[in-house]
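Subject: Structure handover and notes

Dear colleague,

Please find the structure below, handed over for your own work. My notes on what was found in it follow directly after.

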Amino acid sequence: HVAICGAGVHGISVAMRCQRAGIPYTILERDTDLSGTWHQNIYPGVRCDTPSITYSFSSDPNPNWKYYFAYGHEVKEYIKRLCDKYGITKNCVTGATVESATFDESSSTWQVKYRKDGEEKVMNSNVFVAAVGQLTNPSIPKIPGQDKFKGPACHTARFIPGLDFKDKNV
C-alpha cells in the first residue's frame, strides 16, 4: 500500500502509476477537493504559466486546450477528468491533514498520522510519498503599516471570492 500526501499534479501522477500497476494506494489531501494549486488559486485570470499542451500527462494528452496558457479552471477540469477516468477520486481522502509520517523499522512500514474531522487517525503503508507542492502555504511578507490598512487583504492562494477591485488602487 502507498500513502500519498497531496492531491495536486504530482500526487495524481503517482496515483495514476499505482492504478496502472495494480498497487493499492490512498491519497490524503488536506483541502476539500483534488487538483492542488488549481483548486486553491481561484483569483480572476489565474492561468497556467507554461504552454497548455506541455501541461498534460504524456499518457493522457489534452489536444483541446482552449488557450495557449490555459485558465486555472480548465486545468482543474482536466485533472479531475483524469481522476475520474482512473478511479483516483475514490481513493482520495479529502479534509485529511497529515501530521507525521514515521518509518517503523521493526515492521518496515510507515505510520502516517493524519487528522480528519477533528479526529486523529493512523494509516500504515509500505511506501510514503510526500507530494505537497512548494506553493501550498502562502508566504505573506511583513509590510510596515499593514496593521493600519483598513481594506480587505488576501494572498492569491487564499483569494476572497467576490472581492471588488472597482475604483481601488491595488
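Gly87, which follows helix 3, has a positive phi, near 75°; helices here are DSSP runs of H or I with at least four residues, strands are runs of E with at least two, and both are numbered from the N terminus. This is a predicted model, in which local features need pLDDT of at least 70 and side-chain atom pairs count only at pLDDT 80 or more, while totals for chains, interfaces and linings use all residues. Residues are numbered from 1 along each chain as its sequence is written, and side-chain values use heavy atoms, with hydrogens and water left out.

Helix 3 itself comprises 15 residues, 72–86, and spans 21 Å from its first C-alpha to its last, close to the 21 Å expected at 1.5 Å a residue (the expected span being 1.5 Å times one less than the number of residues). Its buried residues include Val75, Tyr78, Ile79 and Leu82, where buried means under 20% relative accessible area, exposed over 50% and partly exposed in between, with a 1.4 Å probe and protein chains only. The buried residues of helix 3 pack against helix 1 and helix 2, contact being heavy atoms within 4.5 Å.

Tyr78 also belongs to one aromatic cluster with Phe57 and Trp65. The structure holds 8 aromatic pairs (ring centres within 6.5 Å, using the six-membered ring of Trp; planes under 30 degrees apart are stacked, over 60 edge-to-face, the rest tilted). Among them, Tyr67 and Tyr71 are edge-to-face, at 5.2 Å centre to centre and 85° between the planes; Tyr67 is partly exposed at 43% relative accessible area, and Tyr71 is partly exposed at 27%. Trp110 and Phe128 form a tilted pair, with 5.7 Å between centres and 35° between planes, and this pair links distant parts of the chain, since Trp110 lies in strand 5 and Phe128 in strand 7, 18 residues apart.

A pocket is an open set of points on a 1 Å grid over the protein atoms alone, where a 1.4 Å probe fits and protein lies on both sides within 12 Å along at least five of seven lines; lining residues have an atom within 4 Å of a point. Of its 39 lining residues, Val132, Gly133, Gln134, Leu135 and Thr136 are the closest to the centre of the largest pocket.

Best regards
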